[in-house]
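Colleague: I have a new model open. Can we walk through how to read a few of its features?

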Amino acid sequence: MGLLFVESLPGPKVFKCKYCGVDSASPDAIESKEFRGRHGRAYLFNSVVNVSFGPNEDRILMTGMHIVNDIYCSCCQRRLGWRYEKAYNEDQKYKEGKYILEKGMMVKE
């Protein structure tokens with residue numbers, strides 16, 4: 001197994017994985033705080049770091065059918081949320097290529 005490359009984000013209030021403390025997202029990348037994940041509140045981000053992706057899968061969400069990939073912490077492999085790969089409804093296309101991180105999986109330090 002090789003070395004794990006971990007990207008650090010600048011700033012005092014960075015979102016980190018709750019389990020291992022690795023940086024996951026900058027508060028500057030938040031697009032919306034009005035989302036729900038599997039386990040409660042979630043945020044929509046334009047970009048995240050230190051994650052790996054699961055396979056594409058069709059998933060019926062509150063706003064309709066989407067193709068998504070679960071995203072995992074690249075350090076501890078806990079599921080943090082998902083990425084919107086494709087939205088079938090025209091009014092949901094703005095989500096494509098963006099990320100949901102569940103608030104319960106993050107700490108802000």
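Colleague: Leaving aside its neighbours within four places in sequence, which residues is V22 in contact with?

Modeller: First, a caution: this is a predicted model. Contact here means heavy atoms within 4.5 Å. Set aside neighbours within four places, and V22 touches V6, F15, K16, C17, N50 and C75.

Colleague: Is V22 buried or exposed?

Modeller: Buried means under 20% relative accessible area. V22 has 11% relative accessibility, so V22 counts as buried.

Colleague: Where is V22 found?

Modeller: V22 sits in the loop between β1 and β2.

Colleague: How many Å separate the C-alpha atoms of V22 and T63?

Modeller: The separation is 30 Å, for two residues 41 apart along the chain.

Colleague: In what order do the three strands of the open sheet come?

Modeller: Read the order as β2-β1-β10, with antiparallel pairing. β2 (23–25) and β10 (106–108) are the edge strands; each has a single partner strand, so one side of each lacks a neighbour in the sheet. From one strand to the next, the twist averages 45 degrees.

Colleague: How many bridges join β1 and β10?

Modeller: Three bridges, in the antiparallel sense, with β1 covering residues 15–17. Take F15: its bridge partner in β10 is K108.

Colleague: Which residues does the "domain: Yippee" annotation cover?

Modeller: The UniProt record, an unreviewed entry, places it at residues 13–109. Over that range the chain is 0% helix and 56% strand. The C-alpha atoms at the ends of the range are 5 Å apart.

How values were computed: Residues are numbered from 1 along each chain as its sequence is written. This is a predicted model: local features need pLDDT of at least 70, side-chain atom pairs count only at pLDDT 80 or more; totals for chains, interfaces and linings use all residues. Side-chain values use heavy atoms; hydrogens and water are left out. UniProt positions are given in the numbering used here, feature names are shortened, and annotations may be inferred rather than shown by experiment. Helices (H or I, at least four residues) and strands (E, at least two) are DSSP runs, numbered from the N terminus. Two strands pair if DSSP finds at least two bridges between them. Axes are lines fitted to C-alpha atoms, for helices over the stretch in contact, and angles run from 0 to 180 degrees between N-to-C directions. Buried means under 20% relative accessible area, exposed over 50%, partly exposed in between (1.4 Å probe, protein chains only).
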